[in-house]
Amino acid sequence: MIKLTIAVQYNYIGEHKMCNQFKLPSLLNIKHYLVNDLNLPLAKTDTALPENQDVFPKQIAPVLLYQNNKLQLSPKSWGYPSPVDDKKVLFNARVERFYQQKPSMWDKSFAKQRCLIIADKFFEYGKKTYQAANNRKYHERYSFQDPDNPLTLIAGIYDGQHFAMVTTEPNSVMALVHNRMPLVVRPEELRQWLFQNFTKLVDRSNVPLSAKKIPNKN
């Protein structure tokens with residue numbers, strides 16, 4: 001069932017791209033979900049990992065990947081270095097690019113270097129704008145999450161110390177807000193994304209997603 005909760009921190013109008021923010025759960029909640037709820041053989045790590053914070057491009061977040069014959073949480077920076085501007089990063093990768101004949105910078109990662117982003121929720125700007133008391137305009141803003149599970153799994157790819165969030169066509173909930181959406185992965189699809197042919201995961205039209213407007217604090 002797809003549902004929309006009409007329960008917007010508003011942001012000043014300016015350039016913004018698809019999903020440039022998500023909220024990290026605590027490491028305790030991540031490990032409990034993966035090990036206890038999903039019964040995954042998660043390798044221990046001695047590396048300090050960030051937790052309980054909002055993550056933006058160029059910041060570090062733990063992602064779940066299969067490497068060296070084990071599932072592990074690995075800290076990586078959100079965004080691949082731009083091939084044309086060393087001051088910018090490319091933090092969203094369209095899943096459709098993998099199926100096009102024209103080569104792309106994402107091909108190797110889609111083929112062999114897939115990971116999962118584990119979030120409490122992710123955020124997106126809406127299509128509407130509003131006039132504030134200070135005569136400045138604001139974009140409405142929403143949070144999204146998996147309504148059926150304690151944490152939200154999002155498809156990712158990685159290369160070296162960098163990762164990108166994978167996006168696809170929106171389902172009916174996200175289409176009200178944006179023309180793209182992160183490729184949300186259901187728990188039972190986890191292995192398919194990490195290890196197998198993921199073609200059937202491109203269409204997310206039947207994947208449940210809840211949305212909530214973020215109240216304006218201004």
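A: Let us begin with a term: a salt bridge is a side-chain nitrogen of Lys or Arg within 4 Å of a carboxyl oxygen of Asp or Glu. Please keep in mind that the model is predicted.

Q: How many salt bridges does the structure hold, and which residues are linked in a network?

A: Side chains of opposite charge can pair when their charged atoms come close. The structure holds 6 salt bridges. Glu96, Glu169 and Arg180 are linked in a network of such bridges.

Q: Where in the chain do Arg180 and Glu96 lie, and how far apart are their closest N and O atoms?

A: For Arg180 and Glu96, the closest N and O atoms are 2.9 Å apart. This pair links distant parts of the chain, 84 residues apart: Arg180 is in the loop between helix H3 (172-175) and strand S14 (181-182), and Glu96 is in the loop between strand S8 (92-94) and helix H2 (107-112).

Q: Is Arg180 buried or exposed?

A: Buried means under 20% relative accessible area, exposed over 50%, and partly exposed in between. Arg180 has a relative accessibility of 4% and therefore counts as buried. Glu96, at 21%, counts as partly exposed.

Q: Which side chain meets Glu140 in a salt bridge?

A: The partner of Glu140 is Lys213, with an N to O distance of 3.8 Å. Here too the pair links distant parts of the chain: Lys213 belongs to strand S16 (residues 210-213) and Glu140 to strand S11, 73 residues apart. Strand S11 spans residues 137-145. Glu140 is buried, with a relative accessible area of 3%, whereas Lys213 is partly exposed at 29%. The side chain of Glu140 also makes a polar contact with the side chain of Tyr142, at 3.4 Å.

Q: Which side chain meets Arg204 in a salt bridge, and which parts does the pair tie together?

A: Arg204 meets Glu189, at 2.8 Å from N to O. Arg204 lies in the loop between helix H4 (190-195) and S16, and Glu189 lies in the loop between strand S15 (184-185) and H4, so the pair ties together parts that are 15 residues apart in sequence. Arg204 is buried at 3% relative accessible area, and Glu189 counts as buried at 15%.

Q: Where does Lys76 lie, and in which sense do S4 and S5 pair?

A: Lys76 lies in strand S5 (residues 70-78). Strand S4 (residues 60-67) pairs with S5 in the antiparallel sense, over 8 bridges, and Leu65 stands opposite Gln72 in S5. S4 also pairs with strand S9 (residues 114-119) in the antiparallel sense, over 3 bridges; there, Leu64 stands opposite Leu116.

Q: How many residues lie between S4 and S5 in their hairpin, and which residue in the turn has a positive phi?

A: The hairpin has 2 residues between its strands, and Asn68 in the turn has a positive phi of about 55 degrees. Asn68 is exposed, with a relative accessible area of 61%. Asn52, another residue other than glycine with a positive phi, has a value near 50 degrees. Asn52 is placed in the loop between helix H1 (27-37) and strand S3 (54-55).

Q: Finally, how many disulfides does the structure hold?

A: The structure holds 0 disulfides. As for individual cysteines, Cys19 counts as buried at 0% relative accessibility, and Cys115 is buried with a relative accessible area of 0%.

Note on methods. Residues numbered from 1 in each chain as written. Predicted model: local features only at pLDDT ≥ 70, side-chain atom pairs only at ≥ 80, totals over all residues. Heavy atoms only, no water. Helix = DSSP H or I, 4+ residues; strand = E, 2+ residues; numbered from the N terminus. Pairing = 2+ DSSP bridges. Disulfide = S-S within 2.5 Å. Buried < 20%, exposed > 50% of the residue type's maximum accessible area, 1.4 Å probe, protein only. Polar contact = N/O pair within 3.5 Å; in protein donor to acceptor, adjacent residues only side chain to side chain.
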